[in-house]
Amino acid sequence: MGRCMEIKHSVYTVLNSAYMTFGKIFIKSYFEHNDCEYFFILDAGLNESDKKYLETFDKVRILGSDVSTSFKNGNTSEDWTKTVVAKTFGLREILKTYNVTPLIMIDSDCLVLQNLSSLIDKTKDLQICHRKNHVTPMLGSYVCFNKPNLEFLNRWIDTIPTISTPWKESPALGKVYNEFKDKLNIGLIDEKIVSCINKSDINNNVKIVHFKSGTAHKTIEEAIQCRIYDRGYDDFVKKYLN
């Protein structure tokens, strides 16, 4: 898809060195199809070699954090929870410090298939990935802040610790959406477009494949195998990992 209708925006994600296989796929595939003002990466445990690699991308800005994780026990560990919670704190700091809306927060375990500009609707205050008929309908894997909306974000951050499940971010997002849906103009983007999981569901409307975890993994190696290769995405990702 061409870039004639490119809408100026920035991107934000969280990454550590254990997740660099996912991170390389995400960053390289994004820049293959898109341009941005800034590509912010919250450092949740990047080694120096990986930082140097990421800094070879002109638009990348690495942000420090007090979180350093290894994911040595996969996505059931305390490391995972720390990283997910830190994600929204980093988002708030960017929105407070930089004048960079629209700002799209996207999980780093994603593969971008197309230009994302057509998804951005500046008439909306924010846009959220949505899955119909699900107990957790709002997904934090794709959230676009078209305006700072710090009241919404502060409430999201405050709600996260009240969620008892390990997957706190999206349930908290759903609760806050219900509180603000009549106060803000919030757009919903179908998960099939920005969080497609199955290769068989890919069509011309799909913008992002999400290597989302369908179950708990004991190691990051197991997660990579199950979420990328066992789903048949070998040919999609190999050019990004060379």
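How many bridges join S2 to S3, and do they run parallel or antiparallel? Four bridges, and the two strands run parallel. Hold on to that pair, we'll come back to it.

Quick housekeeping. This is a predicted model, where local features need pLDDT of at least 70, side-chain atom pairs count only at pLDDT 80 or more, and totals for chains, interfaces and linings use all residues. Residues are numbered from 1 along each chain as its sequence is written, and side-chain values use heavy atoms, with hydrogens and water left out.

Okay, the overview. The chain has eight helices and nine strands; those are DSSP runs, H or I with at least four residues for helices, E with at least two for strands, numbered from the N terminus. There are 242 residues, and 52% of them count as buried. Buried here is under 20% relative accessible area, exposed is over 50%, and partly exposed is in between, with a 1.4 Å probe and protein chains only. As for contacts, meaning heavy atoms within 4.5 Å, take those with a separation of 6 or more: 69% of them link residues 24 or more positions apart.

Now the sheet. Seven strands form an open sheet, in the order S3-S2-S1-S4-S7-S6-S8, with mixed pairing. Two strands pair if DSSP finds at least two bridges between them. At the edges you have S3 (60–63) and S8 (186–190), each with a single partner strand, so one side of each has no neighbour in the sheet. From one strand to the next, the twist averages 25 degrees.

Let's walk across it. Right-handed means that, with the strands pointing away from the viewer, the path from the first strand over the helix to the second runs clockwise. S1, H1 and S2 make a right-handed β-α-β unit too. S1 and S2 are parallel, joined by five bridges, and Val14 stands opposite Leu42 there.

S2 itself is worth a look. Five of its five residues are buried, so the strand is largely enclosed by the rest of the structure. Phe39, Ile41 and Asp43 are on one side, with Phe40 and Leu42 on the other.

What does S4 pair with? On one side, three bridges join S1 to S4 in parallel, with Tyr12 opposite Met105. Then four bridges join S4 to S7, and those two run antiparallel; Ile106 stands opposite Tyr142 there. Further along, S6 and S8 are parallel, with five bridges, and Gln127 has Gly187 in S8 as its bridge partner.

Which helices pack on this? H1 (residues 20–33) touches S1, S2, S3 and S4, and its direction makes about 170 degrees with that of S1. H4 touches S4, S6, S7 and S8, at about 155 degrees to S7. Those angles run from 0 to 180 degrees between N-to-C directions, using axes fitted to C-alpha atoms, for helices over the stretch in contact.

Is Lys87 buried or exposed? Buried, with a relative accessible area of 6%. Its side chain makes a polar contact with the side chain of Glu169 at 3.0 Å. A polar contact is a pair of N or O atoms within 3.5 Å; within protein, one must be able to donate a hydrogen and the other to accept it, and residues adjacent in sequence count only if both atoms are side-chain atoms. Leaving out residues up to four places away in sequence, Lys87 also touches Tyr12, Val14 and Met105, among others.

Most residues other than glycine have a negative phi, and most peptide bonds are trans. Here, the Thr101 to Pro102 bond is cis, with omega near 0 degrees, and Pro102 lies in the loop between H3 and S4. Asn133 has a positive phi of about 55 degrees, in the loop between S6 and S7, and is exposed at 84% relative accessibility. Asn149 has a positive phi of about 50 degrees, sits in the loop between S7 and H4, and is buried at 13%.
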